Amino acid sequence: MKNILLACSAGMSTSLLVTKMEEAAKSRGVDVTIWAVSQDKAPKDMEKADVLLIGPQMRFMKKKFAKVAEEVGIPLEVIDSMAYGRLDGEAVLNRAMELIETH
Amino acid sequence: MENNKFMSFLESFLLPLADALNNNRYLTALRDGFMVALPLIIFGSIFVVIANFPFLDRVISPEAFAAYQNALGPASAATLSIMGLFVIIGIGYKLTAHYGQDAIYGGVVALAAFLILTPQVLEDVPGVIPTSALGAQGMFLGIFTAFLSAELNRFFIERGWTIKMPAGVPAAVSKSFSALIPITLTLSVFLLIRVLFSFTTFETMQNFIFTIIQQPLTILGSGLPATIIIVLLTQVFWFFGLHGQIIINSVFDPIWFTLNDQNLVAFQAGEALPNIVTKQFIDSFLVGMGGTGMTLAVIVLIFAIGKSRQLKELGKLGAPAGVFNVNEPIIFGLPIIMNPLIIIPWMLAPVAVTVITYYSMAAGLVPRPAGIIVPWTTPPILNGFLATGNAWQGGVLQAVNMLVVMVIWWPFLRILDKNYYDTEREEA
């Protein structure tokens, strides 16, 4: 059971991606919990997550989040903007699992 | 190649700027402080909308209508009209939490400090705090007070001054002074500020901040030239895939909310609305058109003229979220970011919409924003109607703007669509 956290300005556009990622996870039988939050809620929710993915439009938050991520001991990455635009749940899910495994 | 170099040069400048504006602790506290107040502001807005339901004043008697409005009045009077109070508590709380100190004290100390600086007499009647001082008029003073009180309180806490108790006094007793001393010192500073200002021609610090800072800034911010520059800057940020609106909001929200509140006061008094550019001018007429850059019009255009599979798929993907002004799929998927062809309509359309909206309101064709805060996720047409105080002209203006955006985008989207279509045919 892995926990994937997504963050953007209001958690709106990342929540679109969450739905697509959940579909991809379900069809492949991967056991994950995926949720999206607004940027101010992200540091708190990181404690419950195994990885943090940041919406590319908020990539200037990475430095700030990186500090918390290091404390909590989870990897983080800015979502690829092509995959974000296509709402490519499968690609983002794969990348998230890869980040968790290689961490 | 030259083009790419220029782009990466621009980005190397914009990214640190976005970082600085968005991660600055004061601007973060300011933005989060407004977030704290937002549910209350929207609650008040809902009841302004209900109290001013269209045509109701013509259906029921004037007495019944007045009673109806009086019954609903406290909803907005206790929230929207005195929003400054909630923003101040929010800022004090968030900034103190940022320093890892007991945040609720940060909130209440900021509030007390603000009330110390606020006039407490109205037309020679003592013991009265005019609610006007707690809304738009006190907004800037409130923000500065919240910053300063949180900083002072933090400073005094970090000094660690305590009252030494003799041995045998329980630890909890001496601890109870740990919050008392910093708060007493902080609030004493504000009392001193109040006394000092009473000797000046400004009489109150409220008046000083209002005259020296708030009035010049709001006059500048309500103008068309400044607004166009801000709109262009937002578009440039987004062109580089950075959330322009949230970056700009953290600086301009105090100005836009203040202008908004001035209109609300006038709207509720039945007077002429002073401002055109307000929070709702930005949120409804610029963002509330499918998201920053009015991309709902682009989606409609894709459905109308799109031939390529890529754009048609994108239209289907982006439409449901676009109706609620969430447009990241379009921005990153079209893509709009870093697309040298699309930069032209991307920069041009919002400026055209800004100018059209401004002048239709200036000419009186469309009522000005009534000071009601409509959530930014409210679909277009409806949010224009609500923002202008239930005026159908607000919705029509958005429809017209939508058409203007489509006309500006049309030639560029056609070229993009043709490129995609040709590539798809070659691949097939």
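Analyst: Helices (H or I, at least four residues) and strands (E, at least two) are DSSP runs, numbered from the N terminus. By that rule, chain B has 18 helices and two strands. This is a predicted model, in which local features need pLDDT of at least 70, side-chain atom pairs count only at pLDDT 80 or more, and totals for chains, interfaces and linings use all residues. Residues are numbered from 1 along each chain as its sequence is written, while chains are lettered from A and ligands numbered from 1 in the order in which they are written.

User: What is the mean pLDDT of chain B?

Analyst: pLDDT is the predictor's confidence in each residue, from 0 to 100. Chain B has a mean of 90, with 98% of its residues at 70 or more. Where pLDDT is low, the predicted coordinates should not be read in detail. The model as a whole scores ipTM 0.83 and pTM 0.85.

User: What makes a residue buried, and what percentage of the residues in chain A and in chain B is buried?

Analyst: A residue is buried if 20 or more other C-beta atoms, placed from the backbone, lie within 10 Å of its own; with 12 or fewer it is exposed, and in between it is partly exposed. Buried residues account for 48% of the 103 residues in chain A and 44% of the 428 residues in chain B.

User: Why is chain A called as compact as a globular protein of its length?

Analyst: The elements of chain A run β-α-β-α-β-α-β-α-α from the N terminus. Its radius of gyration (over C-alpha atoms) is compared with the globule rule, 2.2 Å times the number of residues to the power 0.38. The radius for chain A is 12 Å, close to the 13 Å that the rule gives for 103 residues, so chain A is as compact as a globular protein of that length. Its C-alpha atoms fill a box of roughly 35 × 25 × 20 Å along the principal axes.

User: How do you know that chain A touches chain B, and which elements of chain A give two or more residues to that side?

Analyst: Two residues are in contact if their C-beta atoms, placed from the backbone, lie within 7 Å. By this criterion, 18 residues of chain A are in contact with 19 residues of chain B. Helix 1 (13–28), helix 3 (62–72) and helix 4 (81–85) of chain A each give two or more residues to that side. Helix 4 of chain A supplies the largest share, three residues.
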